[in-house]
Amino acid sequence: MKSYIIALSSLIAFSASSYASLSIVEDTYVDPKDKTGNTYTTATTKVSGTGTVADFGSTLSYKSMWLNGADITLNDSTKKLLITATNKDSGGLSVSKGSAWYDVVCQGSNKITVKDGGTISLSASNGLTIYDSDGTSTLDLTIDSTAGDVSIRKVYINNGSMLTVNLHKVNALGAGSQLGSACGGKHLTVNMDCDQNVALDFRAGTKNAFNITNGATMTVSGWGYIANGATTSSIILADGLKNGSILFANTSKYWSEDSWDEENSVFTVKAEVKEDGVVTGYKTMAISFVDENEEQLKNLSFSAVEGGWLLTGMQAVPEPAEWAMIFGALALGLAIYRRRK
């Protein structure tokens, strides 16, 4: 009997730890780096631990939020999480040398899952970002096909090790939301199995992986920003767009039918430079399309379609040596057939 009680107590303790609730406390967020030499501090809500939207209780509206090792599941259509800051003065968090303000900043290992009617809305145009001083933080954001209304105007990695975005609902973040990276190297991975309408914001030297499957089309409706000195970036397509496509919408001023360099699989984005509202020049970024080994993708098709220019994968054309092997196999098969006959 005593052994039974001990075992039951252990099971209860294990169950309690498996479903530990979130820690939600008021804290002060300190901007880790500022180009002016100043340090900004902002009163905010710090969230850590593992739990669901139920852990927020009746308080579902916050000016800003600091995720520090949080695993949050939003799974209740009656509990919409609202983050309301639109700038520094209304409680936004400063990151990236004080030049941007975000509703939610992630540090440590974090995960956000929206499903079963769960909803979330971030008011700031900069939305959600990863930022830390040593580049080790991560965020895994998943919008399930069962999610409710989601409005996140930007998901961005400023400084961190990896941002992974999984989109399983049409226009999962809201039409025209931005996906971007300012980290040189491969730090952003986006997985989608249904149509998405997004804007992109890549800085120089970034390598951004997109896995577009199930016949989905990613419509790129705009470009967020081209930093001074930006020259090149790349998009990694592991399967070479064999089961998906990218549509560059003709509503954008950043590209045209002349943007595609077929020989080098490079797409050029061009932005205006203005002084006092007058266009004085342009700056460009060349986006190369590569495979998972970061080698040039040669079998891509770029064509004008209704609404813009469509980038798709093509079936590989056999090389001369491969044709020789094919015809050799056919000839051998024919010879064997004749001999048997």
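What share of the 341 residues in the chain is buried? Buried residues (under 20% relative accessible area with a 1.4 Å probe, counting protein chains only; exposed is over 50%, partly exposed in between) make up 44% of the chain. This is a predicted model, in which local features need pLDDT of at least 70 and side-chain atom pairs count only at pLDDT 80 or more, while totals for chains, interfaces and linings use all residues. Residues are numbered from 1 along each chain as its sequence is written, and side-chain values use heavy atoms, with hydrogens and water left out.

**Overall make-up**

- The chain has two helices and 27 strands; these are DSSP runs numbered from the N terminus, helices being H or I of at least four residues and strands E of at least two.
- Contacts (heavy atoms within 4.5 Å) between residues at least 6 apart in sequence join residues at least 24 apart in 61% of cases.

**Strand pairing**

- Strands of a sheet pair through backbone hydrogen bonds, either parallel or antiparallel.
- Two strands are taken as paired if DSSP finds at least two bridges between them.
- An open sheet of four strands has the order β3-β5-β10-β13, with parallel pairing.
- The edges of this sheet are β3 (61-62) and β13 (150-152); each has a single partner strand, so one side of each is left without a neighbour in the sheet.
- β3 runs parallel to strand β5 (residues 80-83) and is joined to β5 by two bridges; Tyr62 has Ile83 as its bridge partner in β5.
- Strand β26 (residues 300-305) pairs with strand β27 (residues 308-313) in the antiparallel sense over six bridges.
- The hairpin of β26 and β27 has two residues between the strands, and Gly307 takes a positive phi near 100° there.
- Phe302 has Leu311 as its bridge partner in β27.

**Aromatic rings**

- Rings of Phe, Tyr and Trp (its six-membered ring) pair if their centres lie within 6.5 Å; planes under 30 degrees apart count as stacked, over 60 as edge-to-face and the rest as tilted.
- By this rule there are 11 aromatic pairs.
- The pair of Phe248 and Trp255 is edge-to-face, at 5.3 Å centre to centre with 75° between the planes; both Phe248 and Trp255 are buried.
- The ring centres of Tyr254 and Trp255 are 6.4 Å apart and the planes stand at 50°, so this pair is tilted.
- Tyr254 is buried at a relative accessible area of 17%, and Trp255 is buried at 6%.
- One aromatic cluster is formed by Phe248, Tyr254, Trp255, Trp260, Phe267, Phe289 and Phe302.

**Charges over rings**

- A charge sits over a ring if NZ of Lys or CZ of Arg is within 6 Å of the ring centre and within 35 degrees of the ring normal.
- Lys46 lies over the face of Trp66, 4.8 Å from the ring centre.
- Lys154 has its charged end over the ring of Tyr156, at 4.3 Å from the centre.

**Glu26**

- Glu26 is in strand β1 (residues 23-30) and is exposed, with a relative accessible area of 62%.
- Not counting residues up to four places away in sequence, Glu26 touches Thr44 and Thr45.
- The side chains of Glu26 and Thr45 make a polar contact (3.1 Å); a polar contact is a pair of N or O atoms within 3.5 Å, where within protein one must be able to donate a hydrogen and the other to accept it, and residues adjacent in sequence count only if both atoms are side-chain atoms.
- Met65 is 39 residues from Glu26 along the chain, and their C-alpha atoms are separated by 9.5 Å.
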